[in-house]
Structure formats: C-alpha cells, structure tokens
Amino acid sequence: MEFLINNKMGNRWAFLLVLAILHNPVFAREPKTSNAPFLTPVEAVAKMDIPDGFDVTIFAAEPDIEEPIAFCFDDRGRMWVVENINYMNRRTHKSGDISRIKILEDTNGDGVFDKKKIFMDDITFSSGIAVGFGGVYLGSPPNLSFIPDADGDDVPDGPAQILLDGWGINDRHETLNSFIWGPDGWLYGCHGVFTHSNVGKPGASDADRQFIDAGIWRYHPTKHEFEIFARGLSNPWGFDFNDYGHGFATCCVIPHLFHVSQGGVYHKQARGHVNPYVYDDIKTIRDHTHKSAHGGARFYLADTFPAEYRDRLFMCNIHQHEVLTDIMNRSGSGYIGSHGDDFLPINDLAWVGFSVEVGPEGGVYILDWHDTDICGNAINFPNSGRIYRILPTDAPKIKQPNLRQLSDLELVEMQTHSNDWYVRHTRTILQERAASGKLDIGAVHEKIVQQFFDAPNSGKRLRMIWAAWVTGYFGGSEGENRFNYLLDHEDEYCRSWAIQLLGEDRKFSANTLSRFKQMAESDSSAIVRLYLASALQRMEFEDRWPILEALASREEDREDANIPRMLWFALEPMVPGNSDRALALAINSGATNLAEFVPRRMLESEEESGPDFNVLVSKVAPGFRYNDRAPVEILDSFRNEVALKTQSTGRFGRSRLIRNVSIPKEKATTLKLRTSYHPHGDWKMRVVVGRKVLLEQEVSHETVQDEWLESEVDMSEYAGTMVEIVLENMSNNSDEASGYWSKVELVSK
C-alpha cells in the first residue's frame, strides 16, 4: 500500500484499490479524534477524490463562517447559516448570546458566495433553522422560536417569539435539528436519544406537554400544533422525503437508514421505548453496512446531475469522511436501502459533514463542521467550518430565483418543475398566501386540478395533491367528496396520501371509516395498507376495531417489515380495557405477532420485574450473570454489532457481570473483551478476581480508536483454580455511564 502511495502511480484505479483496502474492516481504523493537520479549504478540496465530471467549490469557509451547525435556503436561493459559537462539547457550552445567523448569496452562480449579511448576532446555542411564513424558525433549546421578518428586509421585525419550550439539552449533540418543510405543510425535525425534552407551548402544564427522547417531530406554522411524528432511532441528524412523500432518516451508532411512517416506533439506540409495551420495533431498511455515524439526508430530486443520481439519497458519513449515496427499492409496504456509491471520499480526518442541501441550480451542498474531534467532545479547530458545493462541470448557470415575485398561477406552474427545490419553496409560499387570505383561491385550485389530470406520473400527481391540501382545497362541504375521488384512484400513492390527510384532524366521518374498512379488506397495495395501519392511531378506540380486524387478516402482510408492527402499535393501548375482544382478534386474524403480544400485554403490569437479565447477558457474555438492580438491554445493532448495554447505578456506582469458573491447569487462558461507549458518557471497565484488579480501563473517545476497544487479560496465574471473575461497569463521574459489550469470552489454548 505504501508503494502505491509513495510512488504516486497516479491512476484512479490505484487510488480506488487503496481506498478499498482501507475500507476493509481488517484495515479500517478510523479514529474518533486525530492529530490530522489543519488544511486550508483549498488544500482540503485538493485532497478530495472528486468524481469525474464534477467540480467542488468552496461556497463559504472561515473566517466568513465559523462553527456552522445548520443551514437552509430561502426562496431567493440565498443560504442562511447558523453559527453555534456557544458550542464547547457535548456536556457544556458557553453562556451568552454570542451565536449568529448569516445570509450568504452567490449572485453570479460560480459556487462561491459574494454577498454576506448578518441577520442576528445575539442568539444563544442553536441547532436548527428553517425560513418561511414571514420569518425564521430557530431551534435554540429550550425553545423553538420564530423570528419575524414580514417585510423581507433581512432585519428582524422584533424579538423572537417562543412557539414551544421544554426542549432539553442533556447532550448538546442531540438537540432538535435538521428542520425541513414537509409536503403536508408541517415543519419537521429530528431529536436525539440522550436528550430528554418535554415539549409544549409556553406556560403549558405537564399534562399538555409531549415527551420525546428520540424520534421525528413536527410543528404546524398556522395551526400552531406540535406532534411526535415517529419515535425511536438514535441521534438522527438527517431527514427528508422522497418523490412520494415518504420520510427517511439517517442515524448514528445504530444502522444508518430508516423508512419512517407516521406513528411508527423504530429501533432505538438506548433507553427503553416511551411505551414499554412496544415489544417489537420497526428495523432498519439497509442491506449493507457503513461506519456508524451519518449526518444529513437529501434525496436528489433535480436534473443537473446525471440521470442515475435522481432519487438517490445523499448523506455524509462522518467516520468514513465521505459523501455517500443510497438507493431505495420498493419492498412490500416499504423499501430496501442499497448502497449507491462512495460518491465523494474527502481524505481529511478533520472533515465532519453532517448536513446536506440541494440548491436551485441542482448542486449538492455539504456543511462541514470541521474538527479533528469528530464526535463533538471538544473543539480542536476553533472558529472553522466550511460549506462545499458539488456540481457537474458542464452545468449551466441559472438566474438567481426570486419566487415571491411570482403570481399565484406562476407558483402553481412551478409544481411541475424538474427540480424539487422550486416545488417545495413555491408550495410553502402558496400555503402562506392561503393562510393570510392573499391567494386567488378559485383560480389556483382550478389550475391545480388541471395539472393533476395532466400529470404524467405519481410524483407529479402527488405534488398537486399536496399543493391543493396546503391551500385548503379539501376543506369545506366538498372536501370529503374530493377525498373520496382520491380513495378510488388507480394510483396507490394518491390513495395512500388521501388516507393520511383525512386523518390530520383526527376526525373521521362514518363514511370515511366505512371506506377505510373496505380498503383494508380488499385494497391490493401494501403502501395503502400501511397508511391505513398508520391512521388507526389517530382514531377513537371504538372506530379502530373493524379496520384492525380486516388488516390483521391479510395473509400477504404477515412478513411485511412495517404493517404487523403498526397494527400492534394501534391495538396495544386498547388491550387492557378490551382484553377479550383483543384476544379474539389476535386468534381469528391469524396474525402471529398479535397472537403473541396480546396475551403478553394482558399479563404484564408496570410493577412486574421485567425480563430475566441473565438470559440477555448470556447472549454476549456466556456463563456470566448480572448482579445489579439497574436494567440491562440487548441492542440488535450498536456500532454495527449486537451489544449488551449495562448501566452504572448513579454517579459513583457500578454494575457487575460475574462468573465462577475453573481455569484449566495446563492451558494458557485469556479473557477477551470487546467494549465501546457512547459520547454522552465515558465509563470505566474493571476486571477483578478476588481482591486483585487485573485491568482498569477507561472506555471513551480517547481510548477507543475504532468502533470497539479490544482488551485481553491473561488468566494464567489462576490456572488449576476456581475463581470468581467480576466485570465492572463503573461510572466515570457521569450520570449516563453506560457500558457496551459485544464480546466477553474465555479462551484456553
């Protein structure tokens, strides 16, 4: 390998060979932090392995931007960047209103900003931003705020208005983030597992708040409503919708890719589910493995890149220091996510890409936090940060857009644009004008209907449904009839979205419930049946039964990745008060998961002790038993491996795995351990025999150079004797000192 590098063979195949070797798990040892040199932006671009036919430009970098943590575009094609100057590490931040929002504009289309404004320079720790509805939505825990700028002069009209408070900041790497306007007119965002939030309007009681510690949330800009859209995941820092309005999240530590449906409960990195009776959550859709930390998610829905890239999901892999793409292939009611390509290897250990946007010209923009401590445990390169643009070399320059200058009908025409950037921004403007009473409703709806019937495919038909929805077409006395037309449409995506939109206000007419039951019995589309299963959770209990019974009886969905679990999520809260009916449904339907879960739910209560922890321990540490009161968990995938999670009891406590074993007399015996940590809390591992400490090892970002720490303890001195081996997960002055074990074994040779 050194020969290939030092002799500079120069050919692209040689570099790719080296890259393949480095990506092999045997060779791949990417550190969490490094002594990588500080590269200037120009030097950084020079080291990138840029695909043939593409250019990478430095849109912005230090000193023009510092510590960029979030960015978005406005409807004039300008970039809004949040600089989190307060950030220090995951556990603390600087006090004071010292962070900023900047507006960057590229007036000549060369991929480098040439105009800069400071919108605000007196905000505190912030992590998410979206522009729309006459202002800026800013995530700055404990608040989600709106900063008005109704006249669009880039000067706040007044102080920030707190829309929601109660957002936690336990882990400053896992606060509310990744804001995006959904096709249904809601503002969506992500939330990490190690931050605990109890969200509501200012002054709301605990009863009127919603707890979230991992998942996807949404806020409506005109109804001023807040909802948890889906629960679970880890520290998602990327969420987007594909051409059919289906949500996808990218994650860290656990498998990286999830198809996210309304009301779903997904594989969770740590801590029990908010609902302890979930039993079986929805799993990843990936069919391949990347290193564990991902950031950003944007489907390429433009036409500037070569055609094969349309519909691919672009994301950053922080540990591989690469921009990757994945391809979504339909499977049942969901998808299988396959690897597209390692699109852009960065070759810089200080590159920390965790946000992605697609611009009006079809370029892909990557935000680089830029630091050698890639998990955010320290700031080693202060006041740095870059945003890069990736664009084909022959891409034509475009005229800078100004969508607010368009007429109502011109905004509707934009719903057919080949670049979804224009579709999303003009839909938001249409929604804003409709809400403020400034839209020519009759003319707009007439044109939307015309474009619906002219649409050549599902994606473009859905655009018209969404535009009609956000402008009120489905309201009033004709609304239900218009939905009925969609429920009968030959396009499964139109039928499914009609189901979701009918459930928005949680009010279902008798006619709608009857139609849903018929569809549950006979609709041929698994996508439609998934949307029906999702809508169940928004219904009154009594209204759920007929649809549940019909869906649960569909044999073709038995092995579906989503539907059986979604049916349980809808049925579970009804079991305690309707146990006989629930049991009859489970038995008569033939749904195997319901037949297992209903009796289990009937028997369980909050006072029960829970699972046999020793059974869980044996999956990773055979022969060991658990000796503590704190629960343990088996994680199906933590840093791409099955792992046992232990937790110390309190800041100065410990949990213990114990085994009494006879060490062979004439063999060399070694205790082999494979452990890891989560950046929210380091821990200390000890191996004790009798009163002797054989190993004391800190497990942290400083000691774990790859995903896992390999440790060995020579047990030879105990050959021929019976010993008690104690493995301790000790707190390292942290309240969240969880230990993660993927291998504990005694090997004698």
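## Close-up views: bridges, a helix and a strand

View 1. With a relative accessibility of 42%, glutamate 413 counts as partly exposed; buried means under 20% relative accessible area, exposed over 50%, and partly exposed in between, using a 1.4 Å probe and protein chains only. You are looking at a predicted model, in which local features need pLDDT of at least 70 and side-chain atom pairs count only at pLDDT 80 or more, while totals for chains, interfaces and linings use all residues. Residues are numbered from 1 along each chain as its sequence is written, and side-chain values use heavy atoms, with hydrogens and water left out. The partner here is lysine 447, whose side chain meets that of glutamate 413 in a salt bridge of 3.7 Å, N to O (a side-chain nitrogen of Lys or Arg within 4 Å of a carboxyl oxygen of Asp or Glu). This pair links distant parts of the chain, 34 residues apart: glutamate 413 belongs to helix α4 (residues 408-413) and lysine 447 to helix α6 (residues 441-454). Helices (H or I, at least four residues) and strands (E, at least two) are DSSP runs, numbered from the N terminus. Lysine 447, at 17% relative accessibility, counts as buried.

View 2. Find arginine 100 in strand β4 (residues 99-105) and glutamate 83 in strand β3 (residues 79-83); the two are 17 residues apart. How buried is each partner? Arginine 100 has a relative accessible area of 18%, so it is buried, and glutamate 83 is buried too, at 0%. Across the structure there are 51 salt bridges.

View 3. Aspartate 184 forms a salt bridge with arginine 218, their closest N and O atoms being 3.0 Å apart. Aspartate 184 sits in the loop between β10 (177-181) and β11 (187-191), whereas arginine 218 is in strand β14 (residues 215-219), 34 residues away in the chain. Aspartate 184 counts as buried at 0% relative accessibility, and arginine 218 is also buried at 0%. Which residues are linked in the network of salt bridges? They are Asp184, Arg218, Glu227, Glu504, Arg506 and Arg538.

View 4. Why is helix α11 (residues 526-536) described as largely enclosed by the rest of the structure? It is because 11 of its 11 residues are buried. Among them are Ile527, Arg529, Tyr531 and Ser534. The cover over these buried residues includes β18 (257-260), β22 (322-331), α9 (492-502), α10 (510-522), α12 (541-552) and α13 (563-571). At the N-terminal end, serine 525 caps the helix, with a side-chain oxygen 3.2 Å from the backbone nitrogen of isoleucine 527.

**View 5. Aspartate 165 and its neighbours.** Aspartate 165 is found in strand β9 (residues 161-165). Its relative accessible area is 18%, so aspartate 165 is buried. Leaving out residues up to four places away in sequence, aspartate 165 touches Pro142, Asn143, Asn198, Val199, Gly200, Lys201, Pro202, Gly203 and Arg209, where contact means heavy atoms within 4.5 Å. With arginine 209, its side chain makes a polar contact of 2.8 Å. Such a contact is a pair of N or O atoms within 3.5 Å; within protein, one must be able to donate a hydrogen and the other to accept it, and residues adjacent in sequence count only if both atoms are side-chain atoms.
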